Amino acid sequence: MTSIRVYADKIYALWLREVKVFFREKSRLVASTFTPLLWLFVIGSGFSSSTSVAHSIDYQKFIFPGIICMSVVFSAVFFGSYIIWDRKFDFLKSVMVAPVSRSTIFTGKAFGGMTNSLIQVSILLVVGLIIGIQFSPLALVQTVVIVLLLSFALTSLGLTLGSYMTSLEGFQMIISFVVFPLFFLSGALFPIDKLPQWLSVLTTVDPVTYAVDALRNIILGIGSHPLGLDLLILLIYSCVLGALGTYSFKKMKAV
């Protein structure tokens with residue numbers, strides 16, 4: 001019992017540090033929230049007058065689940081850049097020499113990234129209420145579960161990439177080739193039921209596809225897959241990417 005508490009305290013300390021850093025950088029919160037809102041109101045409002053989707057759902061409401069996932073994708077994957085900053089300012093070195101396992105460091109940072117994503121999504125959920133989307137208590141709980149699964153998977157991916165890189169500029173270039181395909185191939189902006197075969201294959205291997213579909217099931221009552229299948233696939237991705245992140249941290253160099 002004592003060892004479990006010590007382990008939990010170490011994770012909590014690492015998690016708390018990431019959350020405090022997030023709240024100190026108010027510009028980061030504003031910037032990360034502004035982009036999804038820009039897509040929701042500009043793209044959503046612009047296309048809603050000329051685009052129809054299944055079940056006669058307003059286009060702005062149709063893309064709302066995708067905008068939630070967009071917020072998670074950008075915040076979670078880019079969270080890996082903080083590994084590079086920690087390395088530059090020698091914080092990572094001090095953590096590495098502490099009596100803390102690499103898996104504990106990874107878990108604490110991953111939980112911090114999940115919390116950051118959840119805070120941003122909470123703001124978007126309030127905006128959803130403003131544009132007329134209704135959430136039942138069960139829908140809110142299910143939405144949080146989906147967001148946490150997706151953010152853990154993508155934070156793990158970002159931390160994995162960050163653990164192998166020493167240049168912030170190089171990391172940003174690589175991430176651009178990751179986040180945009182993850183978002184655009186997820187069906188966040190369009191239905192995926194009648195896509196060309198080659199595009200359907202790409203959407204099938206994109207983990208964000210299942211988060212978008214799950215949220216559409218929960219929030220709008222429509223979806224291409226059963227909710228249970230979406231959850232299962234997200235859980236598998238979370239486990240695989242979490243294991244990959246833990247392995248990468250064990251091989252990571254502090255300098």
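Student: In which helix does Gln 120 lie?

Tutor: Gln 120 lies in helix H6. Helices are DSSP runs of H or I with at least four residues, strands are runs of E with at least two, and both are numbered from the N terminus. This is a predicted model, in which local features need pLDDT of at least 70 and side-chain atom pairs count only at pLDDT 80 or more, while totals for chains, interfaces and linings use all residues. Residues are numbered from 1 along each chain as its sequence is written, and side-chain values use heavy atoms, with hydrogens and water left out.

Student: Is Gln 120 buried or exposed?

Tutor: A residue counts as buried under 20% relative accessible area, as exposed over 50%, and as partly exposed in between, for a 1.4 Å probe and protein chains only. Gln 120 has a relative accessible area of 3%, and is therefore buried.

Student: Which residues are in contact with Gln 120, leaving aside its neighbours within four places in sequence?

Tutor: Contact means heavy atoms within 4.5 Å. With those neighbours left aside, Gln 120 is in contact with Phe 22, Leu 29, Ser 32, Thr 33, Ser 71 and Ser 75. The C-alpha atoms of Gln 120 and Pro 36 are separated by 9.8 Å, although the two residues are 84 apart along the chain. Ser 71, in helix H3 (residues 59–78), touches Pro 36, Gln 120 and Leu 124, not counting residues up to four places away in sequence. Ser 71 is buried as well, because its relative accessible area is 2%.

Student: How many salt bridges does a search of the whole structure find?

Tutor: A salt bridge is a side-chain nitrogen of Lys or Arg within 4 Å of a carboxyl oxygen of Asp or Glu. The search finds two. In one, Glu 18 pairs with Arg 17, the closest N and O atoms being 3.2 Å apart. In the other, the side chains of Lys 109 and Glu 18 meet at 2.5 Å, N to O. Lys 109 lies in helix H6 (residues 102–130) and Glu 18 in helix H1 (residues 2–24), so this pair ties together parts that are 91 residues apart in sequence.

Student: Which residues meet where H4 and H7 pack?

Tutor: Ile 83, Ile 84 and Arg 87 in H4 meet Leu 159, Gly 162 and Ser 163 in H7. By class, this contact has three nonpolar, two polar and one charged residues. Ala, Val, Leu, Ile, Met, Phe, Trp, Tyr, Cys and Pro count as nonpolar, Asp, Glu, Lys and Arg as charged, and the others, Gly among them, as polar.

Student: How many residues has the largest nonpolar core?

Tutor: A nonpolar core is a set of buried Ala, Val, Leu, Ile, Met, Phe, Trp, Tyr and Cys residues joined through side-chain atoms within 4.5 Å. The largest has 52 residues, and those with the most contacts inside it are Phe 64, Ile 68, Leu 150, Leu 154, Leu 182, Val 208 and Ile 219. H3, H6, H7, helix H8 (168–184), helix H10 (207–219) and helix H11 (227–251) each supply at least two residues of this core. H3 gives the most, with twelve residues. Apart from this core lies another, of 15 residues, among them Val 21, Phe 106, Met 114 and Phe 249.

Student: Where is Phe 249 found?

Tutor: Phe 249 is found in helix H11. Phe 249 is buried, because its relative accessible area is 0%. Not counting residues up to four places away in sequence, Phe 249 touches several residues, including Ile 83, Phe 106, Lys 109 and Leu 159.
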